[in-house]
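After that, a few single residues deserve a look.

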Amino acid sequence: MPELADEPGLVHGFSTVAIGSVGLKHATDRSAVLASRQAFLRVMGLDGQALTAVGAVHGAGVARVDEPVDSVDDVDALVTDQPGVVLFATYADCYPIVLWDPVAHVAGLVHAGWRGTQAGVARRAVGFMRDEFGCSYILAGIGPGICGRCYEVGEEVAVQFDARFVNPGQRGKWLLDLAAANAAQLEEAGAKAVYETAMCTKESYLFPSHRRHPDGTRFGAIVALR
Ligand SMILES: [Zn+2]
C-alpha cells in the first residue's frame, strides 16, 4: 500500500493473478503454486527466503514468530520482530491487514474474513503487539478484499455486526462492510493510523475472488522486516 511503501524497515505486498495462485489448500497443481510463491518472494526482494504461513482458521488467535516455520496452523494473525521471518497468508475476498510499528520494529499480518472480524482478530493483533513487544506506535494497512457493496450475507451473519457496518441488500440479504469493521477495530485498539487500499477483490480482476470465481485460486500477502 502506498502509505506504507516508504517505511524503510518494512517489506510488504500483495500478489495479483498475474503471478498465479499461491494457495495450496485447493490446488490441483502444487508445483505451480510453489513456483508462484517463489516468484512472489522474488518480486518482493526476498528471493530464497522461507515463508511462514498464517494457518487461517477464521478465528482470533495471534502468535509470535521468532524463526521461520512452515505454518502456524491455529491462528489468523502472526507477529514478528525478526528480520528473516517472512509472514505470509492467502486470500480470496477475506482481508489482509498489515501491522507495522516503525519505532519498535515489529510487524504483523492478519487474515480477516467475517468470522475473524466478528471474533476481533485485528483488535487482538494490535493488543498482542502492545503486550508482547511493547508497541505503542502501530500503523495499519487494510489490503484488497471484498467491499461493502459486494459482500452479501444472510441475516444470521448481519446480526452479529454493529449496524454501522451493515446495509440492506436485495432479496432480504444484507451487505457487510468488513473493511470498515476492521478499520474501526484497529482505531479503537489504538492504531496511530489506518490506511485502506479500497480495492475490491470481487470487482477487480487483479485479484482472485471466491464470490466471483470459487475455483480455489488465492492471492497472497507478505510482511517482513528489512
Ligand atoms: Zn466490491
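In H2, the buried residues are Val33, Ser36, Arg37, Ala39, Phe40 and Leu41. Buried means under 20% relative accessible area, exposed over 50%, and partly exposed in between (1.4 Å probe, protein chains only). An α-helix has 3.6 residues a turn, so residues three or four places apart point the same way. The model is predicted: local features need pLDDT of at least 70, side-chain atom pairs count only at pLDDT 80 or more, and totals for chains, interfaces and linings use all residues. Residues are numbered from 1 along each chain as its sequence is written, and side-chain values use heavy atoms, with hydrogens and water left out.

What do the buried residues of H2 pack against? Their partners are strands S1 (10–14), S2 (51–54), S6 (86–91) and S14 (219–225). Contact here means heavy atoms within 4.5 Å. H2 covers residues 30–43, and its 14 residues should span 20 Å at 1.5 Å a residue; the end C-alpha atoms are 20 Å apart, which agrees. The expected span is 1.5 Å times one less than the number of residues. Glycine 45 follows H2, with a positive phi near 75°.

Now the whole protein. It has six helices and 14 strands. These are DSSP runs numbered from the N terminus: helices are H or I with at least four residues, strands E with at least two. The radius of gyration is 16 Å, close to the 17 Å that the globule rule gives for 226 residues, so the protein is as compact as a globular protein of that length. The radius is taken over C-alpha atoms, and the rule is 2.2 Å times the number of residues to the power 0.38. Buried residues make up 55% of the 226. Of the contacts with a separation of 6 or more, 65% join residues 24 or more positions apart.

Next, the loop between S2 and S3 (62–64). Most residues other than glycine have a negative phi. Alanine 56 in this loop has a positive phi, near 65°. Histidine 58, also between S2 and S3, has a positive phi near 60°. Alanine 56 is buried, at 16% relative accessible area. Histidine 58 is partly exposed, at 35%.

Last, glutamate 152, in strand S10 (residues 152–153). Glutamate 152 counts as partly exposed, at 26% relative accessibility. Leucine 175 is 23 residues away in sequence, yet 4.7 Å away in space, C-alpha to C-alpha. Beyond neighbours within four places in sequence, glutamate 152 contacts Gln170, Arg171, Lys173, Trp174, Leu175 and Arg211.
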